[in-house]
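User: I would like to go through this model by question and answer. Please begin with how the elements are assigned.

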Amino acid sequence: MSPLPLTTQMVSCYLFAIYAYHFEMWALLIPNSVGFVLGLFFASFYPLKVATKSLMRQWEIQYGLSVCIMVMGATTIHNIPYLSSSIAAVIGFIMCSYPLPVMQQSLSSGNPELLGSKYMNSAMLICCSAWVIHSSIIEYDIFVLSANTAGVVVQGAALVVRFLIARNSNRSDCTVNEGSPLL
């Protein structure tokens with residue numbers, strides 16, 4: 001697994017947490033603080049489970065860049081408070097959209113595992129949906145709304161791709177030797 005979902009969660013949650021703290025948006029602060037701590041934990045322990053040098057190099061670059069972005073967010077929150085939320089929205093878009101680049105490859109190969117875990121896709125869809133509702137109805141925030149709307153679309157599409165692959169797989173399982181259909 002690529003470190004991208006972990007590092008983007010850590011940074012996006014951190015930036016949204018300091019943004020929420022600055023504007024006293026407690027409903028945004030609490031879940032993003034928890035998300036940051038979890039992201040920090042899993043991103044920090046990622047090297048213990050990494051399988052290849054390529055993934056380790058990705059982690060090193062992403063983790064270093066994450067620290068730089070978080071420091072920048074912390075140092076600019078009082079002077080330019082919307083900078084951290086703008087960057088968080090872009091990073092949140094990347095985080096929520098991680099299956100997008102491999103959807104076609106997954107469909108053509110019939111391998112849904114390229115999309116990540118089905119549980120992660122489902123959890124992301126539910127979480128992003130909750131944030132879309134919150135940021136559009138309860139406490140309007142364009143930054144939260146934009147990142148999570150993208151997540152709803154992409155994660156929903158990932159689940160549809162999984163369904164299509166499973167349906168095609170079940171159809172191919174309904175044949176007996178020499179390709180004759182079961183009756």
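Analyst: Helices (H or I, at least four residues) and strands (E, at least two) are DSSP runs, numbered from the N terminus. This is a predicted model: local features need pLDDT of at least 70, side-chain atom pairs count only at pLDDT 80 or more, and totals for chains, interfaces and linings use all residues. Residues are numbered from 1 along each chain as its sequence is written, and side-chain values use heavy atoms, leaving out hydrogens and water.

User: How many helices and strands are there in the protein?

Analyst: From the N terminus on, the elements run α-α-α-α-α-α-α. The count is seven helices and zero strands.

User: What share of the residues of the protein counts as buried?

Analyst: Buried means under 20% relative accessible area, exposed over 50%, and partly exposed in between (1.4 Å probe, protein chains only). The protein has 183 residues. The C-alpha atoms fill a box of roughly 70 × 45 × 20 Å along the principal axes. The buried share is 39%.

User: Is H1 largely enclosed or largely open, and how many of its residues are buried?

Analyst: The expected span of a helix is 1.5 Å times one less than its number of residues. For the 19 residues of H1 that gives 27 Å, and its end C-alpha atoms are 27 Å apart, which agrees. H1 is largely enclosed by the rest of the structure, because the buried residues number 15 of the 19.

User: Which backbone oxygen lies 3.0 Å from a polar atom of the side chain of Ser-85?

Analyst: Ser-85 sits in helix H4 (residues 81-96). Its relative accessible area is 0%, so Ser-85 is buried. A polar contact is a pair of N or O atoms within 3.5 Å; within protein, one must be able to donate a hydrogen and the other to accept it, and residues adjacent in sequence count only if both atoms are side-chain atoms. The oxygen belongs to Tyr-82.

User: Which residues does Ser-85 touch, not counting residues up to four places away in sequence?

Analyst: Contact means heavy atoms within 4.5 Å. Phe-16, Tyr-19, Phe-23, Tyr-82 and Phe-143 form one aromatic cluster, where rings of Phe, Tyr and Trp (its six-membered ring) pair if their centres lie within 6.5 Å. Ser-85 touches Phe-16, Tyr-19 and Phe-143.

User: Which residue forms a salt bridge with Glu-60?

Analyst: A salt bridge is a side-chain nitrogen of Lys or Arg within 4 Å of a carboxyl oxygen of Asp or Glu. A search of the whole structure finds one. Glu-60 is partly exposed, at 36% relative accessibility. Its partner, with the closest N and O atoms 3.2 Å apart, is Arg-57.

Notes:
Rings of Phe, Tyr and Trp (its six-membered ring) pair if their centres lie within 6.5 Å; planes under 30 degrees apart count as stacked, over 60 as edge-to-face and the rest as tilted.
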